[in-house]
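Please prepare a short briefing on the structure shown here, grouped by topic and with the cut-offs behind each term.

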Amino acid sequence: MAEKITPRATDYSQWYIDIVLNAKLADYAPVKGCMVIRPRGYALWERIQQGLDGLFKATGHVNAYFPLLIPESFIKKEAEHVEGFSPELAVVTHAGGEKLEEPLVIRPTSETIIWSMYKKWIQSYRDLPILINQWANVVRWEKRTRLFLRTTEFLWQEGHTAHATAEEAEEETLKMLGVYKTFAEDYMAIPVLHGLKTDAEKFAGAVRTYCIEAMMQDRKALQAGTSHNLGQNFARAFDVTFQTKEKTLDHVWATSWGVSTRLIGALIMAHSDDKGLVLPPRLAPVEVVIVPIFKNETKDAVLAFARKLHAELASSFRVLLDADDQNTPGWKFSEYELQGIPLRVEIGPRDMEKGQLVAARRDTGEKAFIPVAEAAGRLRALLDDIQKSLFQRALAFRQQHTFSTDSSAELAKLLDDPGGFVEAGWCGDAACEAKVKEETKATIRLLPLEKKSTEGRACVACGKAALHIAVFGRAY
Ligand SMILES: [Zn+2]
């Protein structure tokens with residue numbers, strides 16, 4: 001219940017954990033760093049999966065499944081890849097009561113096993129493109145973990161595509177970045193910046209990594225999805241060549257892209273409040289909860305009225321009727337606020353007489369009286385409005401906390417108070433990026449796709465002419 005939730009202003013980190021645990025989204029697992037995703041959290045993940053899967057299929061992708069265990073030698077084939085992932089690998093050395101001849105790595109990501117298979121499947125340009133996505137779990141041994149945001153095992157999707165030309169691979173990389181941006185903004189109601197990661201922040205083994213970045217309510221950045229142009233790195237490592245139209249031999253061009261259960265953490269931190277979860281209607285497992293309000297003498301009539309309404313709405317809404325007579329309406333109200341159900345419909349004896357219902361919005365608490373005959377249309381309009389309002393509220397918040405400066409002192413000050421994104425000049429030198437990180441704990445979140453003018457702008461670290469306007473922020 002709400003009284004168990006630490007207010008955001010008191011302790012934001014504790015507020016987040018309180019929401020996850022009290023709304024029963026996830027729990028701690030016996031193995032440190034792992035999490036149990038509880039039914040309510042999993043229902044949310046299923047909504048995310050359905051939405052994304054639809055967008056992947058609409059852009060020509062198909063699903064497949066590759067094994068959890070990867071021969072250790074595969075991971076070592078791509079130099080940057082192995083260097084990037086080695087510290088996080090979990091390795092199986094014994095199985096079937098024996099020491100294995102070759103240790104097996106539990107996948108931290110699947111590029112290597114998938115490209116070992118693409119070698120078998122690709123001979124000619126006619127075999128391309130391959131546009132495969134996989135829904136799976138991966139393991140990255142993490143020292144500091146937080147439910148949904150960073151856990152040792154997590155669920156995700158990973159797209160792995162193979163192309164005949166560099167241009168096609170780049171086009172795919174940007175297309176999927178666009179899909180992620182659409183999903184974040186239209187489904188999750190979270191505005192995101194999209195752009196390029198610097199070399200220091202890119203994926204181990206990628207030529208270029210693009211990302212979407214969102215601002216949380218504590219004004220920290222959260223990387224919500226990445227799309228990598230892998231060039232020919234993995235094709236070279238796994239010797240995947242194909243005969244081109246011109247009958248020459250070339251290495252295949254690759255992309256990979258992924259989002260994970262981390263998105264649930266983003267949803268919580270972008271929208272929720274001190275009463276509990278706030279969910280965008282498009283992703284809410286339950287959109288509308290009906291709470292009948294009755295006394296003993298009105299119980300049968302009110303319940304019959306509520307059941308009829310429930311039956312009418314069930315064909316076009318994800319709707320729940322709470323006909324329980326043990327808990328009070330007040331208890332139910334706060335319970336459904338905690339769960340983040342976007343609309344609560346109340347029906348009492350007087351509403352029933354007037355042929356109306358009361359609809360209460362989770363996001364604003366506003367109430368509307370709606371004639372029962374108009375219920376379906378009016379409730380749908382309210383849900384659409386909640387979806388839009390959540391996005392607008394998050395966008396206004398991000399705009400209020402986005403600043404611009406080329407002064408390192410000012411950058412540090414803004415990051416401390418009020419916090420947010422700071423657009424600052426950068427000369428392109430990794431040493432300058434590292435210096436800012438050391439001094440302020442902020443990283444370059446991205447170089448925006450829509451390049452801003454660098455005229456008259458200076459590098460925030462060294463003062464030389466800026467090559468880029470980079471977005472700095474402290475991140476999860
Ligand atoms: Zn510099």
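The briefing below covers a metal site, a helix, a hairpin and a glycine.

This is a predicted model, in which local features need pLDDT of at least 70 and side-chain atom pairs count only at pLDDT 80 or more, while totals for chains, interfaces and linings use all residues. Residues are numbered from 1 along each chain as its sequence is written, and side-chain values use heavy atoms, with hydrogens and water left out.

**Zinc site**

- The zinc ion has as its protein donors the SG atoms of C427, C432, C459 and C462, which lie 2.3 to 2.4 Å from it (donors are N, O and S atoms within 2.8 Å of the metal, or 3.2 Å for Na, K and Ca; water is not among the atoms, so sites may look incomplete).
- The arrangement is tetrahedral because the four donor atoms subtend angles of 104 to 114 degrees around the zinc ion (for four donors, the term requires all angles to lie between 85 and 135 degrees).
- Along the sequence, the donor residues follow the spacing C-x4-C-x26-C-x2-C.
- C432 lies in helix α14 (residues 430–440) and C462 in the loop between β22 (443–448) and β23 (468–473), so this pair ties together parts that are 30 residues apart in sequence (helices, H or I of at least four residues, and strands, E of at least two, are DSSP runs numbered from the N terminus).
- C432 counts as buried at 8% relative accessibility, whereas C462, at 36%, counts as partly exposed (buried means under 20% relative accessible area, exposed over 50%, and partly exposed in between, with a 1.4 Å probe and protein chains only).

**Helix α9**

- The buried residues of α9 are V302, L303, A306, L309 and L313; seen down the helix axis they fall within an arc of 125 degrees, so they line one face of the helix (the arc is that of the directions from the helix axis to the C-beta atoms).
- On the other side of α9, the residues D300, K308 and A311 are exposed.

- Strands β5 (residues 91–95) and β6 (residues 98–106) run antiparallel and are joined by four bridges (two strands pair if DSSP finds at least two bridges between them).
- A95 has E98 in β6 as its bridge partner, and G96, in a hairpin with two residues between the strands, takes a positive phi near 60 degrees.

**Glycine 41**

- G41, found in helix α2 (residues 39–58), counts as buried at 0% relative accessibility.
- Leaving aside neighbours within four places in sequence, G41 is in contact with K24, L25 and I264 (contact means heavy atoms within 4.5 Å).

Conventions:
Tetrahedral: all angles 85-135°; square planar, octahedral: opposite > 155°, others 65-115°.
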